[in-house]
Amino acid sequence: MTSRERIALAAESIQDFLPDEHTAALVTSGVNRRYLSGFPSSAGAVLITKRSAKLLLDFRYFEAAQKTIQPPPEVIRCTRLIDDLNRIFLEENIKSVIIEDEAVTVAQMKEFSDAMIPQVMSGGLSEKLCELRMVKSDDEIERITTAQRITERAYTEVLNHLRPGVTERSIAVELEHLIKLYGGERVAFDLICITGANTSLPHGVPGERVVGDGDFFTFDIGAVYEGYHSDMTRTVAVGHADDDMRMIYDTVLTAHKKAFDAIRPGVTASDIDKAARDHIAECGYGEYFGHSTGHGVGLEIHEAPTVSGKSPTVLKAGMVITDEPGIYLPGRFGVRIEDTVLVCPDGARSLADIPKELIII
């Protein structure tokens with residue numbers, strides 16, 4: 001499925017979601033505007049009625065969008081968003097408009113309610129968009145995979161800089177430079193590049209800590225390509241690894257593989273979490289694995305579905321999730337291993353193309 005076909009089908013799904021021809025869906029969040037149009041912008045709106053799909057943009061984006069977008073949606077130049085929306089509401093006899101209740105602030109809701117002609121209401125639009133975005137099209141999977149390849153290339157090269165005496169921050173800065181050099185729009189999130197005892201912090205922040213001989217070094221990294229994110233974690237040893245380090249690493253790697261083997265259509269996301277968590281608990285480290293096993297990845301680095309013990313989501317082919325168990329021993333070290341994984345009709349396929357076995361730099 002091409003990007004254009006995906007966007008057209010998404011608009012049709014929103015039209016089917018609308019209860020009648022007098023109701024419209026108004027999408028104002030940047031990520032969902034991009035999903036429904038393919039066009040990135042810092043402002044604007046997508047308006048979908050039973051009869052049309054329109055992308056409203058101001059002067060800054062109008063020309064570029066016209067050159068880029070093949071309708072749907074139709075690109076409309078606006079000067080004051082609410083005034084232009086009201087004009088369309090009158091033209092199409094719209095009596096009520098459903099907004100993204102998870103993306104609109106209290107202040108925005110008040111502004112919409114006060115200034116818009118139709119009745120403004122919440123009605124499951126955020127949930128509908130979330131449902132659509134969970135299953136990726138071929139073009140989305142290709143972009144996530146490209147982001148992953150950029151990440152892997154940067155990671156492989158930055159390992160040449162990893163040695164005793166360098167700081168976490170210097171590795172993080174070099175990695176961000178390489179991701180952009182190799183085609184990433186930006187890093188997918190604030191890169192986690194941490195060493196030694198800091199690796200026991202799941203979301204540790206790179207600082208001036210110096211890499212030492214015998215340290216673990218954790219890379220939780222990703223790139224953005226054409227709006228789509230990658231997410232990968234590798235933990236490596238510098239110089240050597242003692243028996244405890246190897247044992248914890250092997251425990252996490254086995255949990256990672258057990259979760260991967262459980263991924264297939266029809267199972268719940270909680271089943272995936274259980275596969276990893278049960279193994280870590282059986283090895284005596286359950287209290288040291290405190291986060292979920294994964295999450296969805298796409299236009300956002302964290303999106304549905306959540307891969308946790310409480311997640312009821314049933315996996316479908318086309319979903320893209322992470323598999324990232326970890327063990328974190330406070331004050332000592334931590335290990336996390338993460339791949340981004342595509343749910344396939346007959347199982348799963350890792351989008352990562354780089355080893356997971358322990359390497360010693």
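In this predicted model, six strands come together as an open sheet, and reading across it the order is β4-β3-β2-β1-β5-β6, with mixed pairing. Strands of a sheet pair through backbone hydrogen bonds, either parallel or antiparallel. At the edges of this sheet lie β4 (74-77) and β6 (119-122), each of which pairs on one side only. If direction is ignored, neighbouring strands of the sheet are turned against each other by 30 degrees on average.

Helix α2 (residues 30-37) lies across β1, β2 and β3, and it runs at about 55 degrees to β2.

Further along the chain, the reader can turn to a pair of helices. Two packed helices are described by the angle between their axes and the distance between the axes. For helix α9 (residues 243-262) and helix α10 (residues 269-282), the axes come within 8 Å and cross at roughly 155 degrees. Because angles over 145 degrees count as roughly antiparallel, α9 is roughly antiparallel to α10. The crossing in which α9 passes α10 is right-handed. On the α9 side the residues that meet α10 are T251, T254, A255, K258, A259 and A262, while α10 contributes I272, A275, A276, H279 and I280. Sorted by class, this contact of α9 with α10 has 7 nonpolar, 3 polar and 1 charged residues.

Notes
Residues are numbered from 1 along each chain as its sequence is written. This is a predicted model: local features need pLDDT of at least 70, side-chain atom pairs count only at pLDDT 80 or more; totals for chains, interfaces and linings use all residues. Side-chain values use heavy atoms; hydrogens and water are left out. Axes are lines fitted to C-alpha atoms, for helices over the stretch in contact, and angles run from 0 to 180 degrees between N-to-C directions. Helices (H or I, at least four residues) and strands (E, at least two) are DSSP runs, numbered from the N terminus. Angles under 35 degrees count as roughly parallel, over 145 as roughly antiparallel, 65 to 115 as roughly perpendicular and the rest as oblique. A crossing is left-handed if the near helix is turned anticlockwise from the far one by less than a right angle, and right-handed if clockwise. Contact means heavy atoms within 4.5 Å. Ala, Val, Leu, Ile, Met, Phe, Trp, Tyr, Cys and Pro count as nonpolar, Asp, Glu, Lys and Arg as charged, and the others, Gly among them, as polar. Two strands pair if DSSP finds at least two bridges between them.
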